Amino acid sequence: MPADFDIAIVGAGFGGALMAMIARRLDKSVVLLEKGTHPRFAIGESSTPLANLILEELSRRWDLPRIRPLAKWGTWQKTYPNLACGLKRGFSFFHHKLGEPWKYQPNHQNELLVAASPRDEIADTHWFRADVDHFLVNEAIREGCEYLDQVELESPTFEGDIVKLSGSRSGKPLRLRVRFLVDASGPQGFLHRTLKLPAEEFSTMLATQGLYSHFENVARFAELNRHDESPPYPIDDAAVHHIFPGAWIWVLRFNNGITSAGVAATDEFAKQLDFANRTKAWERLLNFIPSVREQFASAKPIREFTHTPRLSFRTSRVSAERWTMLPHTAGFVDPLLSTGFPLNLLGIERLAETIGLRNVSRFEARMEHYSRQTLSELDFTALLISALYANMGDFELFSALSLLYFAAASFSETLRRLAKTPEGFLLNEHRAFGPTARKIANAALNQPLLPAARTSLLKDISNVIEPFNIAGLNDPARRNWYPVLADDLLQNHAKLGASEDQIADVLVRCGWDSTGG
Ligand SMILES: Cc1cc2nc3c(=O)[nH]c(=O)nc-3n(C[C@H](O)[C@H](O)[C@H](O)COP(=O)(O)OP(=O)(O)OC[C@H]3O[C@@H](n4cnc5c(N)ncnc54)[C@H](O)[C@@H]3O)c2cc1C
């Protein structure tokens, strides 16, 4: 049967738009279908070194040079100054006791600063999604995709090798016949709803809620809380996390005067504050955290607060014969640690290598693997984040657990730069790291932890990260401040199975000043 398009992609966020461009490079005819219109607000803004590296590699592999400048702050500013974004030099965590102001302590026991880049030029970014997604959709159109917005789709039907899509566009009937469908419409999205796919819970993750908006006039935390020594990077040019038992607040500054901020909280915490009562709940929340209240003293939300009564979502099925989902459509855990972008980009990278395959059995085997990998990586992420939620009242353990993420992420990033393949997202498929990290995270869920169990967990974390620790993590002399130092990488070359010269070459190639941060 003839088809109108080889591939239909449902959802024109950054994921759908990038997938559409790559499908064009695979010589497929593509229709990109969006229920809304661009530019539009979207949440999920903070990128990471691994996400940016994958973006850069996708742009090189699929000859999309116009995308590449988005992988670094410096090239972004030079090439697309009109697309708003924020400077992200690292991950800043500040631990708060409810009702008490945060106070600088020389031993840094209530903060954790993990640098992601040694200087602004090659730093990561927060994406102002209204601009970025609009840009990417225009790029997809430029690459020859048919873009249809304001589309309402009904349940797809499957006939032989054709997927039939019907619905309406701006009130007029819409009928399309395509060979393959990629669902990029986000959690609980198009296929999940229309095919009535069962959802499954992440077994360890507590139910959590989100409340967020965009603001003007948010003060810099550093200006209100002077540090007596110079931190490894300006602490507000980062993904800022304010942590306290049961919840955490994110603050992401853009270069257009707007700041994204919100809170993710356990159901219990969210109910106490009555998140459904949006603005009032935010004000009540700030009353519990005096230092953040001060940071937001002159701030004004520039849009209605969004309340998400359930943040996490996990589908039971990622693919079938004629359709698949991007990872963010298959599942989402929590904004903590910014895992959404890298997971989605990894999925796009894997699908790009799969949807071009002509051999049916190879295609099916790869798709099957993609589905299993997507769910197991989401589960691994959920387990790590669950362990972090369980220990938001114990910042020493919270920080140690977060090093599982930072060690695995920095090790994976450097392996990729050496043209090696890391064993799954955050090394979850690594035969030693994966099972031990799972065991540690599961043990950290057993609350309340007895002192002996807690001490042994801290030791286990230190042991499991050591073979992958290429960033001086867990070094007590650094007192929770981790700059990016070329020397750390050079000294740990053997852990990466590389020579010192190979690491030096990586540093030069990624524009790293080899004198260090
Ligand atoms: C509160 C919150 C904070 C987050 N913070 C971060 C972060 O800091 N860093 C990070 O890496 N990740 C974060 N994430 C995850 C991040 O949002 C996702 O990784 C990212 O949005 C995925 O992009 P996407 O284009 O695949 O999907 P989306 O951004 O969800 O876009 C989906 C698109 O599909 C359209 N659509 C939906 N239904 C239909 C339909 N039926 N028909 C047609 N179109 C449809 C929507 O209008 C939308 O344009 C966060 C998520 C949440 C919920």
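This is a predicted model: local features need pLDDT of at least 70, side-chain atom pairs count only at pLDDT 80 or more; totals for chains, interfaces and linings use all residues.
1. Starting with Thr 354: setting aside neighbours within four places in sequence, its contacts are Phe 363, Arg 366 and Met 367. Thr 354 is part of helix α11. Its relative accessible area is 2%, and because the cut-off for buried is under 20%, Thr 354 counts as buried.

2. Helix α11 comes up again at the ligand. The helix runs over 340-355, and it gives the largest share of the shell around the ligand, three residues. Helices α1 (14-25) and α5 (190-194) also put in at least two residues each, as does α11.

3. Which residues of the shell sit closest to the ligand? They are Glu 34, Ser 46, Arg 129, Phe 341 and Asn 344, out of 29 residues that surround it. By residue class, the shell splits into twelve nonpolar, eleven polar and six charged. If you are looking through the site on screen, those five closest residues are a handy place to begin.

4. Now the backbone around the ligand. A backbone N or O atom of Phe 341 is 2.6 Å from a ligand oxygen. For Phe 14, a polar backbone atom and an oxygen atom of the ligand are 3.0 Å apart. Gly 340 also has a polar backbone atom by a ligand oxygen, at 3.3 Å. As for cover, the ligand has 1,000 Å² of accessible area on its own, and the protein covers 90% of that.

5. Stepping back to the whole chain, how many helices and strands are there? The secondary structure comes to 17 helices and 22 strands. Of the contacts between residues at least 6 apart in sequence, 73% link residues at least 24 apart.

6. On overall dimensions, the C-alpha trace spans about 70 × 55 × 45 Å along its principal axes. The radius of gyration is 23 Å, which agrees with the value near 24 Å that a compact globule of 517 residues would have.

7. Last, burial and surface. Buried residues account for 60% of the 517 in the chain, and Thr 354 is one that counts as buried. The chain exposes about 20,800 Å², with 49% of that area supplied by carbon and sulfur atoms.

Notes:
Residues are numbered from 1 along each chain as its sequence is written. Side-chain values use heavy atoms; hydrogens and water are left out. A residue is near a molecule or strand if one of its heavy atoms lies within 4 Å of it. A polar contact is a pair of N or O atoms within 3.5 Å; within protein, one must be able to donate a hydrogen and the other to accept it, and residues adjacent in sequence count only if both atoms are side-chain atoms. Accessible areas come from the Shrake-Rupley method with a 1.4 Å probe; for residues, only the protein chains shown count as cover. Helices (H or I, at least four residues) and strands (E, at least two) are DSSP runs, numbered from the N terminus. Ala, Val, Leu, Ile, Met, Phe, Trp, Tyr, Cys and Pro count as nonpolar, Asp, Glu, Lys and Arg as charged, and the others, Gly among them, as polar. The radius of gyration is taken over C-alpha atoms; the globule rule is 2.2 Å times the number of residues to the power 0.38. Buried means under 20% relative accessible area, exposed over 50%, partly exposed in between (1.4 Å probe, protein chains only). Contact means heavy atoms within 4.5 Å.
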